[in-house]
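Please load the model in your viewer and keep the sequence panel open beside it.

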Amino acid sequence: MEILEKGMNLIAKISIAVSAILVSLIFALINVEIICRYFLGISTLIADEYCGYFFAVAMYLGLCYSIYHNRLLKIDLPGAWAEMTSRRTPRVIVALSAIALNGILLVAMYHTLWASWLFKSRSIQASRTLLAIPQAFVLAGIALMFLASVAILFRSFKKKEGEKS
């Protein structure tokens, strides 16, 4: 259990760092495209496509960090219910729901990736990128979100200060 916490903490830190790098690359690509179009009259032909790929991966990596560190915006619907029940119960239900949702996303993305790989699907853009490559990064991001949700489930079973058993 402690290994999962330490491992997920490291993964979350790495994921947010990579996400920041990808956002910086998006910024750079967009600015290079703007300079090329308006001052040189040419286009990179890849900025739109790769910014989309980088954004998708950055979003999933950022979500991994946010889920693990409980930084998502929430509405406290179970607040009153938590007063009547064990405070642990709502946390467990939320964690199980996140695991279920991320599990469904993981399976769906795996099938999408596998179909792209089998048919050697390529983007319709000038780069003709093999779509399995960005899809594999998105699949990895969803897998990290799934792992973060599992870590949250284990964490929800820990007794917090002042909590009744």
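In which hand of crossing does α1 pass α2? Select both helices and look along the line that joins them: α1 passes α2 in a left-handed crossing. The model on display is a predicted one.

**First selection: residues 2-40 and 47-68**

These ranges are helix α1 and helix α2, respectively. Their axes come within 8 Å and cross at roughly 155°. Angles over 145 degrees count as roughly antiparallel, and α1 and α2 are therefore roughly antiparallel to each other. Colour the contact of α1 with α2 by residue class: 22 residues are nonpolar, four are polar and five are charged.

Remain on helix α2, where Y68 is found. Is this residue, Y68, buried or exposed? Y68 has a relative accessible area of 4%, and the cut-off for buried is under 20%, so Y68 is buried.

Next, display the surroundings of Y68. Neighbours within four places in sequence being left aside, Y68 is in contact with E5, M8, N9, A12, A148, A151, I152 and R155. Among these partners, E5, M8, N9 and A12 fall in the range of helix α1, residues 2-40. A148, A151, I152 and R155 fall in the range of helix α5, residues 132-156. A distance label may also be placed between the C-alpha atoms of Y68 and L147: the separation is 8.9 Å, although the two residues lie 79 apart along the chain.

The next pair consists of helix α4, residues 88-118, and helix α5, residues 132-156. The axes of α4 and α5 come within 8 Å, with a crossing angle of roughly 160°. That angle makes α4 roughly antiparallel to α5. The crossing in which α4 passes α5 is left-handed. By class, the contact of α4 with α5 comprises 22 nonpolar, seven polar and two charged residues.

**Final selection: the whole protein chain**

Which secondary structure elements make up the protein chain? There are five helices and zero strands, and from the N terminus on the order is α-α-α-α-α. Of the 165 residues, 32% count as buried. With a surface displayed, the accessible area of the chain comes to about 10,800 Å², and 72% of that area belongs to carbon and sulfur atoms.

Technical notes: Residues are numbered from 1 along each chain as its sequence is written. This is a predicted model: local features need pLDDT of at least 70, side-chain atom pairs count only at pLDDT 80 or more; totals for chains, interfaces and linings use all residues. Side-chain values use heavy atoms; hydrogens and water are left out. Axes are lines fitted to C-alpha atoms, for helices over the stretch in contact, and angles run from 0 to 180 degrees between N-to-C directions. Helices (H or I, at least four residues) and strands (E, at least two) are DSSP runs, numbered from the N terminus. Angles under 35 degrees count as roughly parallel, over 145 as roughly antiparallel, 65 to 115 as roughly perpendicular and the rest as oblique. A crossing is left-handed if the near helix is turned anticlockwise from the far one by less than a right angle, and right-handed if clockwise. Ala, Val, Leu, Ile, Met, Phe, Trp, Tyr, Cys and Pro count as nonpolar, Asp, Glu, Lys and Arg as charged, and the others, Gly among them, as polar. Buried means under 20% relative accessible area, exposed over 50%, partly exposed in between (1.4 Å probe, protein chains only). Accessible areas come from the Shrake-Rupley method with a 1.4 Å probe; for residues, only the protein chains shown count as cover. Contact means heavy atoms within 4.5 Å.
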